[in-house]
Amino acid sequence: MDKTQEQEVIRLYQKELQDIRSQINLSNDEIDAEGDEIDHIQGKNIADIQESLSKRDVLRYNKIQTSLKKINTSSFGKCDVCGEEIGYKRMKMISGVFLCISCAEEAEILNNKR
Ligand SMILES: [Zn+2]
């Protein structure tokens, strides 16, 4: 990924986090502040958030958040298992993805064997 693509993925993920948060009915004064909104929400008790979200959304929320935490580190956009670049298209297609295609396929094969 080049810097422009990275920025686009980051924007996309941040928007998705916002969308998920908007489903959890935060009061207006909590979502009002533009700039430090993300910090603010992260400080919120995650249990409160999880209660009002479906399990799938929570999972997605946590994945995206984990992924975003890696911005400014060398591991952003890299596979958790092999460290290879996940790739721009895949990052865009699957929010919060943390495995490259080959590792994901391998994990799937292992799961199917079970
Ligand atoms: Zn990998």
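**The packing of helix 1 and helix 5**

Modeller: In this predicted model, helix 1 (residues 3–22) packs with helix 5 (residues 55–69) at an angle of about 145°, and their axes are 10 Å apart. The crossing of these two helices is left-handed. From helix 1, the contact is made by Ile 10, Tyr 13, Gln 14, Glu 16, Leu 17 and Ile 20, while helix 5 contributes Asp 57, Arg 60, Tyr 61, Ile 64, Gln 65, Ser 67 and Leu 68.

Taking helix 1 by itself, its 20 residues reach 28 Å from the first C-alpha to the last, close to the 28 Å expected at 1.5 Å a residue. Its buried residues are Val 9, Tyr 13, Leu 17 and Arg 21, and because they cover an arc of only 110° around the axis, they lie on the same side of helix 1.

Helix 5 can be read in a similar way. Tyr 61, Ile 64 and Ser 67 are buried in helix 5; they cover an arc of only 130° around the axis, which puts them on the same side of the helix. On the face turned away from the buried side of helix 5 are the exposed residues Lys 55, Thr 66 and Lys 69.

Another residue of helix 5 is Leu 59, which counts as partly exposed because it has 13 C-beta neighbours inside 10 Å. Leu 59 is 37 residues from Gly 96 in sequence, yet their C-alpha atoms are 9.6 Å apart in space. Beyond helix 5, the loop that runs between it and helix 6 (88–93) holds Asn 72, which has a positive phi of about 75° although it is not a glycine. Asn 72 is exposed, since there are 6 other C-beta atoms within 10 Å.

As for the context, the chain has seven helices and zero strands, and buried residues make up 11% of its 114 residues. Of the contacts between residues at least 6 apart in sequence, 59% join residues at least 24 apart. Away from the pair described above, helix 7 (residues 101–113) contains Cys 103, which is partly exposed, with 17 other C-beta atoms within 10 Å. Leaving aside neighbours within four places in sequence, Cys 103 is in contact with Cys 79, Val 81 and Cys 82, and for Val 81, which is 22 residues away along the chain, the C-alpha separation from Cys 103 is 7.0 Å.

Terms used. Residues are numbered from 1 along each chain as its sequence is written. This is a predicted model: local features need pLDDT of at least 70, side-chain atom pairs count only at pLDDT 80 or more; totals for chains, interfaces and linings use all residues. Axes are lines fitted to C-alpha atoms, for helices over the stretch in contact, and angles run from 0 to 180 degrees between N-to-C directions. Helices (H or I, at least four residues) and strands (E, at least two) are DSSP runs, numbered from the N terminus. A crossing is left-handed if the near helix is turned anticlockwise from the far one by less than a right angle, and right-handed if clockwise. Two residues are in contact if their C-beta atoms, placed from the backbone, lie within 7 Å. The expected span of a helix is 1.5 Å times one less than its number of residues. A residue is buried if 20 or more other C-beta atoms lie within 10 Å of its own, exposed if 12 or fewer, and partly exposed in between; C-beta atoms are placed from the backbone. The arc is that of the directions from the helix axis to the C-beta atoms.
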